[in-house]
Amino acid sequence: MGVYRGITQDNPTLQGGTAYSLNLVTPSIGGTALAATAAEINAAADMSTRLVSASAATLAVTAADHDGKIIVLNRAAGVTATLPAATGSGAVFRFTVGTAVTSNSDVIKVADNTDVMSGSLYVTDQAAGTGTEFSTTTTSDTITMNGSTTGGLAGGVLTLIDIATNLYAVQGNIIATGVEATPFSATV
């Protein structure tokens with residue numbers, strides 16, 4: 001049996017007849033150096049880790065582990081997720097409630113007392129089929145879903161985007177029971 005020596009073609013031609021020079025020693029394609037790190041390429045391309053289950057009492061959210069992923073809040077006793085300091089990185093953190101909160105609360109908060117959130121969340125009363133949109137104030141830095149009037153039922157979805165130094169944009173739709181109340185506060 002022969003020894004496999006790999007593909008020897010240095011400049012593969014892709015559909016359409018365009019030749020590409022692929023250098024894997026000093027990563028470049030067609031002479032253009034790749035600026036992305038292996039970790040960044042994996043983060044963008046690895047679909048096996050798209051969902052991140054948060055089932056412990058606390059979660060330290062990081063860009064490396066959570067940017068572009070969907071964090072599933074999976075603890076009936078609630079999860080407190082702390083975002084990284086807002087720097088204007090463009091990092092996108094998505095949350096969904098996978099397990100309804102039955103005690104304590106699901107909490108998403110900023111890292112320090114200089115960061116705030118700006119935007120709104122639509123809170124839907126699941127039983128009544130009604131809803132109310134709540135906006136942040138200039139000091140909002142925490143989202144609390146208490147499993148009742150401020151959300152925390154399974155299926156709620158919200159997104160926070162690091163848009164500037166000290167500022168997260170927030171939007172989403174969370175599911176509550178009873179008369180809706182604002183999930184926003186200033187606690188950090």
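This is a predicted model: local features need pLDDT of at least 70, side-chain atom pairs count only at pLDDT 80 or more; totals for chains, interfaces and linings use all residues.
Residues are numbered from 1 along each chain as its sequence is written, and side-chain values use heavy atoms, with hydrogens and water left out.

The chain contains two helices and 15 strands; helices (H or I, at least four residues) and strands (E, at least two) are DSSP runs numbered from the N terminus. Of the 188 residues in the chain, 31% are buried. Here buried means under 20% relative accessible area, exposed means over 50%, and partly exposed lies in between, with a 1.4 Å probe and protein chains only. The accessible surface of the chain comes to about 10,300 Å², and carbon and sulfur atoms account for 56% of that area; accessible areas come from the Shrake-Rupley method with a 1.4 Å probe, and for residues only the protein chains shown count as cover. Among contacts between residues at least 6 apart in sequence, 64% join residues at least 24 apart, a contact being heavy atoms within 4.5 Å.

The strand pairing may be considered next. Strands of a sheet pair through backbone hydrogen bonds, either parallel or antiparallel. In the present description, two strands pair if DSSP finds at least two bridges between them. An open sheet is formed by seven strands in the order S4-S6-S8-S13-S14-S10-S11, with mixed pairing. Its edge strands are S4 and S11 (130–135), each of which pairs on one side only. Neighbouring strands of this sheet are turned by 15° against each other on average, direction ignored; the axes are lines fitted to C-alpha atoms, for helices over the stretch in contact, and angles run from 0 to 180 degrees between N-to-C directions.

Within this sheet, S4 (residues 51–54) and S6 (residues 70–73) run parallel and are joined by four bridges, with Val-52 having Ile-71 in S6 as its bridge partner. S6 is also joined to S8 by four bridges, again in the parallel sense. Ile-70 stands opposite Arg-94 in S8, and Val-72 has Thr-96 in S8 as its bridge partner. Further pairing involves S9. S7 (residues 80–82) and S9 (residues 106–109) pair in the parallel sense over three bridges, and the partner of Thr-80 in S9 is Val-107. S9 runs antiparallel to S12 (residues 142–145), to which four bridges join it; Asp-106 stands opposite Met-145 in S12.

Which residues have the most contacts inside the largest nonpolar core? This core has 28 residues, and those with the most contacts inside it are Leu-83, Phe-95, Ile-108, Ile-143, Leu-158 and Leu-160. S6, S8, S10 (116–125), S12, S13 (157–164) and S14 each supply at least two residues of this core, and S14 gives the most, with four residues. A nonpolar core is a set of buried Ala, Val, Leu, Ile, Met, Phe, Trp, Tyr and Cys residues joined through side-chain atoms within 4.5 Å. Residues up to four places away in sequence not counted, the residues that Leu-158 touches include Phe-93, Phe-95, Ile-108, Leu-121, Ile-143 and Ile-174.

One aromatic pair is counted. Rings of Phe, Tyr and Trp (its six-membered ring) pair if their centres lie within 6.5 Å; planes under 30 degrees apart count as stacked, over 60 as edge-to-face and the rest as tilted. The ring centres of Phe-93 and Tyr-168 are 6.4 Å apart and the planes stand at 50°, so the pair is tilted. Phe-93 in S8 (residues 92–97) and Tyr-168 in S14 (residues 167–176) are 75 residues apart, so that the pair links distant parts of the chain. Phe-93 counts as buried because its relative accessibility is 1%, and Tyr-168 counts as buried at 0%.

Two valines complete the picture. Val-72, in S6, counts as buried at 12% relative accessibility. Its C-alpha atom is separated by 6.8 Å from that of Leu-51, 21 residues apart along the chain. Neighbours within four places in sequence left aside, Val-72 is in contact with Leu-51, Val-52, Ser-53, Ala-54, Thr-96 and Gly-98. Val-79, in the loop between S6 and S7, counts as buried at 1% relative accessibility. Residues up to four places away in sequence again not counted, Val-79 touches several residues, among them Ala-54, Leu-59, Leu-73, Asp-106 and Val-107.
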